[in-house]
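Subject: Handover of a structure

Dear colleague,

Please find below the structure that I am handing over to you. My findings follow it, arranged by region.

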Amino acid sequence: MASAAPPKKPCAAEADVPTSAAAGDPPLLTLKDTPDVCVREASFPGQRDWLDGTPVFPLCLVASPPEGHVSDSISGVAATAWATANRAALSGLVRRHGALFVRGLLPADAHAFGSLVTEGLALENFPYVGGNAVRTAVVGDVVFTANESPPERVIPFHHELAQTPVSPSWILFFCVHPATVSGGETPLALSTRVYSQLAEAYPAFVQQLAERGVSYRRVMSEYDRSASAIGRGWRATLNATSPEEAEEALAAKGYTWEWLGNGQPGHGRLLREVSPPLPATRPVGDDGAVAFFNQIYAAYTGWTDEYNTPADCVRDGAGGSLDGEAMAAVGRVLEDCAARIAWTPGDVMYIDNRRAYHARGTFKGSRRVLASLAK
């Protein structure tokens, strides 16, 4: 079922964590302990195992110092060294399972997370350009806050930046602290299962999207509006300092646009962007699997604020509207395929953006989850 090899000696903190390494796994999918870190596979509430040959989703691991280690926690330096030693195996496991969830590896420190990404995993940074979420840089341009929309707003399932011509291959989330009262999980959904279920139940709809693609449209204010889940202004979205630079950036991506005058006080000039037709499905891997890779559900249900109406924010690539019954089915299938694991401080999610959706639930209290994107 899983592919993380058990440590050579028990982890003092997690000796009873079950392991089930696949005997036939190639070496590149076998994780190795390091002198300061030992890792075992774990089962967490909310993890999915369909018992039909689909790998568990996400693969969950628990890290701890080896038995007899003087420290009761793992340092950021030790975590980075472990990731360096297991770099190829980790990326292979994320591709196989769609996502990897690791508990106990990192202290709740943003710089330790940044080092894990840039030094341990050696991932090439993907700048957050073109996205619609308001975010704040935390460690250089590598680590930033996750979507800063209000806690009462659900962020629907989506593939990161699938509404743009170029999207990251990898997403990493890191929990500094979970919601202090309740909620705030980051649900995941396996996109290949979403595609399979929709293709069986709504073949004409899936064929429409596969043939025509989808086009996204959004009205942006000039400046960020944190009260909106899609409130990133066009200056930040397009990395532009003037309307002329914004137009150049849009033209380079094949977008059309329209200036709409001024918005509400403090919002600046409004700009409507319309993407060219973009793929709604994409093949992944060498086994013929297809992912339902898009942002249509997020756009159709969640792109709403004083300037945007969700159903108008996404159409098929020929300009046609999307069938409401089929879109409701997309939501049901996403929920059916969802995995929900509660955050604890220091938890890391490593996600294959081609294979897995992510979302955000509502929460109460304060919450700090950080993100990093990679090419």
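Helix 3, which spans residues 110–120, has as its buried residues Ala110, Ala112, Phe113, Gly114, Leu116, Val117 and Gly120. Please note that this is a predicted model. In an α-helix there are 3.6 residues a turn, so residues three or four places apart point the same way.

Both ends of this helix deserve a remark. At the N-terminal end, helix 3 is capped by aspartate 109, which has a side-chain oxygen 3.1 Å from the backbone nitrogen of histidine 111. After helix 3 comes alanine 122, with a positive phi near 55 degrees. This alanine 122 belongs to the loop between helix 3 and strand 4 (137–139). Alanine 122 is partly exposed, its relative accessible area being 42%.

Two further backbone features concern another loop. As background, most residues other than glycine have a negative phi, and most peptide bonds are trans. Leucine 51 is not a glycine, yet its phi is positive, at about 60 degrees. Where does leucine 51 lie? Its place is the loop between strand 1 and strand 2. Leucine 51 is exposed, with a relative accessible area of 75%. Proline 58 is also found in the loop between strand 1 (38–42) and strand 2 (59–64). The peptide bond that leads from phenylalanine 57 to proline 58 is cis, and its omega is near -15 degrees.

In what order do the 4 strands of the open sheet come? The order is 11-12-10-15, with antiparallel pairing. At the edges are strand 11 (256–262) and strand 15 (314–316), each of which pairs on one side only. From one strand to the next, the twist averages 15 degrees. In general, the strands of a sheet pair through backbone hydrogen bonds, either parallel or antiparallel.

For the pairing of strand 15 in detail, strand 10 (residues 214–220) is joined to strand 15 by 3 bridges, and the two run antiparallel. Among the residues involved is serine 215, whose bridge partner in strand 15 is arginine 315.

Helix 7, made up of residues 243–252, lies across strand 11 and strand 12 (269–274). The direction of helix 7 is at about 155 degrees to that of strand 11.

With kind regards

Key
Residues numbered from 1 in each chain as written. Predicted model: local features only at pLDDT ≥ 70, side-chain atom pairs only at ≥ 80, totals over all residues. Heavy atoms only, no water. Pairing = 2+ DSSP bridges. Axes fitted to C-alpha atoms, helices over the stretch in contact; angles between N-to-C directions. Contact = heavy atoms within 4.5 Å. Buried < 20%, exposed > 50% of the residue type's maximum accessible area, 1.4 Å probe, protein only. Polar contact = N/O pair within 3.5 Å; in protein donor to acceptor, adjacent residues only side chain to side chain.
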